[in-house]
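Please read the sequence and the coordinates together.

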Amino acid sequence: SELQGAMGLAVFNHIDEIFDDRKKVCNFYDNHLNFNKLQTIKLRENTEWNYSYYPVLFETEQKLLETIAKLNHLNIFPRRYFYPSLNQVPYVDKVDMPVSEDIALRIVCLPLYIGLNENDLKLIVSTINSGL
């Protein structure tokens with residue numbers, strides 16, 4: 001849209017610093033989250049990532065919901081993403097898609113934006129790790 005184009009042009013001269021800042025957040029998550037009980041995306045070799053989202057997959061939906069509640073209590077609002085599974089939206093004929101349905105119940109995108117400071121990142125990570 002024109003609005004999206006205007007926003008893109010407004011930040012274009014700052015795109016490198018935006019990517020760098022978002023990459024730092026992703027690296028913090030990579031280095032501090034407990035991946036014994038969580039999964040995150042695996043990038044293919046030679047993939048250039050734009051750091052747009054940081055999805056994590058919990059072992060169960062219950063763990064995801066408990067963690068979201070704890071984070072919300074701290075005024076931190078991760079987003080359920082890919083939810084519900086697209087085969088379950090009202091305007092699509094119902095088709096069984098067990099893998100998609102399972103993942104949709106257990107995935108959330110963590111906060112990821114420029115200016116997200118290390119104290120907030122530590123709070124996010126410690127809250128997630130303590131609930132696993």
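Predicted model: local features only at pLDDT ≥ 70, side-chain atom pairs only at ≥ 80, totals over all residues.

Strands of a sheet pair through backbone hydrogen bonds, either parallel or antiparallel. Here four strands make up an open sheet, in the order β1-β2-β4-β3, and their pairing is antiparallel. The edges are held by β1 (38-40) and β3 (79-80); each has a single partner strand, so one side of each lacks a neighbour in the sheet. Helix α4 (residues 98-106) packs on this sheet and touches β2, β3 and β4 (107-109). The direction of α4 makes about 50° with that of β4.

Strand β2 (residues 55-58) is joined to β1 by three bridges, and the two run antiparallel. Within this pair, Gln39 has Leu57 of β2 as its bridge partner, and Thr40 stands opposite Val56. On β2 and β4, the pairing is again antiparallel and extends over three bridges. Val56 takes part here as well, with Val108 in β4 as its bridge partner.

Which way do the side chains of β2 point, and are they buried or exposed? Pro55 and Leu57 point one way from the strand, while Val56 and Phe58 point the other way; all are buried.

Apart from neighbours within four places in sequence, Leu33 is in contact with Leu38, Tyr54, Val56, Leu110, Val125, Ile128 and Asn129.

Two packed helices are described by the angle between their axes and the distance between the axes. For α2 and α5 the angle is about 35°, and the axes are 11 Å apart. The crossing of α2 past α5 is right-handed. On the α2 side, the contact is made by Val25, Phe28, Tyr29 and His32. On the α5 side, the residues are Glu118, Leu121, Lys122, Ile124, Val125 and Asn129. Sorted by class, this contact has six nonpolar, two polar and two charged residues.

Methods:
Residues numbered from 1 in each chain as written. Heavy atoms only, no water. Pairing = 2+ DSSP bridges. Contact = heavy atoms within 4.5 Å. Axes fitted to C-alpha atoms, helices over the stretch in contact; angles between N-to-C directions. Buried < 20%, exposed > 50% of the residue type's maximum accessible area, 1.4 Å probe, protein only. Left-handed = near helix turned anticlockwise from the far one by under 90°. Nonpolar A, V, L, I, M, F, W, Y, C, P; charged D, E, K, R; others polar.
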